[in-house]
Amino acid sequence: RYMTNGLKVYYLPLAVCFDQVIFPTLYAFFPLFRNILIRERITIVHGHQGTSSLANECMLYARCMGFRVCYTDHSLFGFND
């Protein structure tokens with residue numbers, strides 16, 4: 001599926017537990033993610049938000065496969081919260 005600006009979007013067959021967050025799957029998601037990385041010729045994987053189990057799993061898989069990984073941690077809360 002493509003967005004209007006040409007960006008390709010993948011929807012994953014993973015069950016959502018709360019607020020668009022999935023349970024950690026450990027290695028159940030790995031074959032699908034590997035297929036996407038290889039098919040799309042991805043060179044770097046970027047993840048956001050430490051509370052995202054999907055982002056953490058993807059970065060772990062990518063790093064184990066030898067891909068470069070970039071992680072950005074930011075918050076929706078201020079420093080005095």
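**View 1. F33 and the residues it touches.** Leaving aside residues up to four places away in sequence, F33 makes contact with V45, C58, Y61 and A62. Keep in mind that this is a predicted model. F33 belongs to the largest nonpolar core, a set of eight residues that also takes in F29, L37, V45, C58, Y61, A62 and F67. Helix 1 and helix 2 (53-64) each put at least two residues into this core. Which helix gives the most to this core? Helix 2 does, with three residues.

**View 2. The buried side of helix 1.** Helix 1 runs over residues 30-39, and its buried residues are F33, I36 and L37. They span an arc of only 100 degrees around the axis, so they sit on the same side of helix 1. The general rule behind such a pattern is simple: an α-helix has 3.6 residues a turn, so residues three or four places apart point the same way. What covers the buried residues of helix 1? The cover includes strand 3 and helix 2.

View 3. Helix 1 is followed by R41, which has a positive phi near 55 degrees. Most residues other than glycine have a negative phi. R41 lies in the loop between helix 1 and strand 3 (44-48). Is R41 buried or exposed? R41 counts as exposed because its relative accessibility is 72%, and the cut-off for exposed is over 50%.

**View 4. The salt bridge between E40 and K8.** How many salt bridges does the structure hold? There is one, and it's made by the side chains of E40 and K8, at 2.9 Å from N to O. The two partners come from distant parts of the chain, 32 residues apart: E40 is in the loop between helix 1 and strand 3, while K8 is in the segment before strand 1 (16-18). E40 is partly exposed, with a relative accessible area of 28%. K8 is partly exposed too, at 33%.

**View 5. A nonpolar patch on the surface.** L26, Y27 and L60 make up a nonpolar surface patch of about 370 Å². Y27 sits in the loop between strand 2 (21-22) and helix 1. With a relative accessible area of 60%, Y27 is exposed.

**View 6. I22 in strand 2.** I22 has its place in strand 2. Is I22 buried or exposed? I22 is buried, with a relative accessible area of 11%, and the cut-off for buried is under 20%. Setting aside residues up to four places away in sequence, I22 touches L14, A15, V16, C17, S53 and L54. The C-alpha atoms of I22 and S52 are 8.1 Å apart, although 30 residues separate the two along the chain.

View 7. F23 is placed in the loop between strand 2 and helix 1. F23 counts as exposed, at 58% relative accessibility. Which residues does F23 touch, not counting residues up to four places away in sequence? They are A15, C17, S53 and E57. F23 and S53 are 30 residues apart in sequence, with 7.0 Å from C-alpha to C-alpha.

**View 8. The whole chain, for orientation.** The chain has two helices and four strands. Along the sequence, they follow the pattern β-β-α-β-α-β. Of the 81 residues in the chain, 20% are buried. If you take the contacts between residues at least 6 apart in sequence, 56% of them join residues at least 24 apart. The chain exposes about 6,700 Å², and 60% of that is supplied by carbon and sulfur atoms.

Technical notes:
Residues numbered from 1 in each chain as written. Predicted model: local features only at pLDDT ≥ 70, side-chain atom pairs only at ≥ 80, totals over all residues. Heavy atoms only, no water. Buried < 20%, exposed > 50% of the residue type's maximum accessible area, 1.4 Å probe, protein only. Core = buried A, V, L, I, M, F, W, Y, C linked by side-chain atoms within 4.5 Å. Contact = heavy atoms within 4.5 Å. Patch = residues over 30% accessible without salt bridge, like charges linked within 9 Å, V, L, I, M, F, W, Y side chains within 5 Å. Areas by Shrake-Rupley, 256 points an atom, 1.4 Å probe, with all protein chains shown as cover. Salt bridge = Lys/Arg side-chain N within 4 Å of Asp/Glu carboxyl O. Arc of directions from axis to C-beta.
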